[in-house]
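These entries record what I looked up in one structure.

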Amino acid sequence: MKNENKKIIAICYDFDKTLSPSDSSFDFGYFDKLNINNMDFWNEINAHETLKKVDSTSAYLYYTLQKAKDLNKELTYQDFLDYGKNAWFYNGVEQWFNRINKYAKKQGYKIEHYIISSGVKEVLSNTKIAKYFKKIYASSYIYDDNNHPIWPAYIVNYTNKTQYLYRIKKNILEESDERVNERLMGNNVHIPFENMIYIGDSLTDIPCMSIIYKRGGTSIGVYDEIPSHKDLVLKLYRNKRINYYAFADYSENSELDNIVKNAIDTIIKRDNI
């Protein structure tokens, strides 16, 4: 049962190709530091006989460290933070959060923003927009005493992304908190699924999109100028994985802006019935 005193809406985002045109967190400096081509990097992973048998997120997290080692390049925690400073975004993203927050606030509602991404948390947590998120869920590393990354601490892939929706729903936000598996009693739900909006772009977002779609929330697929990206979200729409799709333009009065505002209006009207 929903706590009717909680007038909160969650907007959850993937990062790469959703908020940023980047293909990965490493576009912001890693490839430059190692002086390698990003396509070559991903092709090497795909061609690596061992990594072909490994979860794709685990594979790239491992190969990131191995490639630097092979090239005698030192990676540090600070490197990842610096990459975050260099992040670039789709049109309107940097102004998006304040505008959407104000839109909901005028109607007595609060927006909580979350990232759920397979990218590197250390990078995402130091971008210009990081301050707008209540929580950033992403893959991360363990570091040695000299702040060198040595092993993945958390791996966020398409299947386990969904656990973070339940964390948001229950307001049990820390990744290591096992209470997320406990059943909620009474009206202790922080944000019900129908009060969530999920914005993503790719196959890794499908489990989250499907949960939100099926539970009465709003799932939105975004795409850019690359034709195959639009083809993918169209397929998701036809397969009833998402409610809407739009070009990844976050500026005021864009199609995406209007879709999200309409979703907010729908949630508020439903809550008031």
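How many disulfides does the count come to by this rule, a pair of cysteine sulfur atoms within 2.5 Å? I noted that the count comes to zero.

**Basis.** I worked from a predicted model, in which local features need pLDDT of at least 70 and side-chain atom pairs count only at pLDDT 80 or more, while totals for chains, interfaces and linings use all residues. Residues are numbered from 1 along each chain as its sequence is written, and side-chain values use heavy atoms, with hydrogens and water left out.

**Cysteines.** I looked up Cys12 and found it in no disulfide; its nearest cysteine sulfur, that of Cys208, is 7.6 Å away. Seen from Cys208, the closest cysteine sulfur is in Cys12, and the 7.6 Å between them is too far for a bond. I then checked burial (buried is under 20% relative accessible area, exposed over 50%, partly exposed in between, with a 1.4 Å probe and protein chains only). Cys12 counts as buried at 1% relative accessibility, and Cys208 is buried at 0%.

**Largest pocket.** I took a pocket as an open set of points on a 1 Å grid over the protein atoms alone, where a 1.4 Å probe fits, with protein on both sides within 12 Å along at least five of seven lines; lining residues have an atom within 4 Å of a point. The volume is the space filled by probe spheres set on the points, which are joined across faces, edges and corners. The largest pocket holds about 830 Å³ of space. I recorded 30 lining residues, with Asp23, Trp42, Ser56, Tyr60 and Thr204 nearest the centre. Two or more residues come from each of helix 2 (38–47), helix 3 (56–70), strand 2 (110–120) and helix 9 (227–238). Helices (H or I, at least four residues) and strands (E, at least two) are DSSP runs numbered from the N terminus. Helix 2 gives the most to this lining, with six residues.

**Second largest pocket.** This pocket has about 400 Å³ of space. I found 18 lining residues, and Tyr62, Leu65, Gln66, Pro149 and Ile150 are the closest to its centre. Helix 3 and strand 4 (149–154) each supply at least two residues of the lining, and helix 3 gives the most, with seven.

**Glu182.** I located Glu182 in the loop between helix 7 (162–170) and strand 5 (196–200). Glu182 is partly exposed, with a relative accessible area of 49%. The C-alpha atoms of Glu182 and Leu71 are separated by 46 Å, and the two residues are 111 apart along the chain.

Note on methods:
Disulfide = S-S within 2.5 Å.
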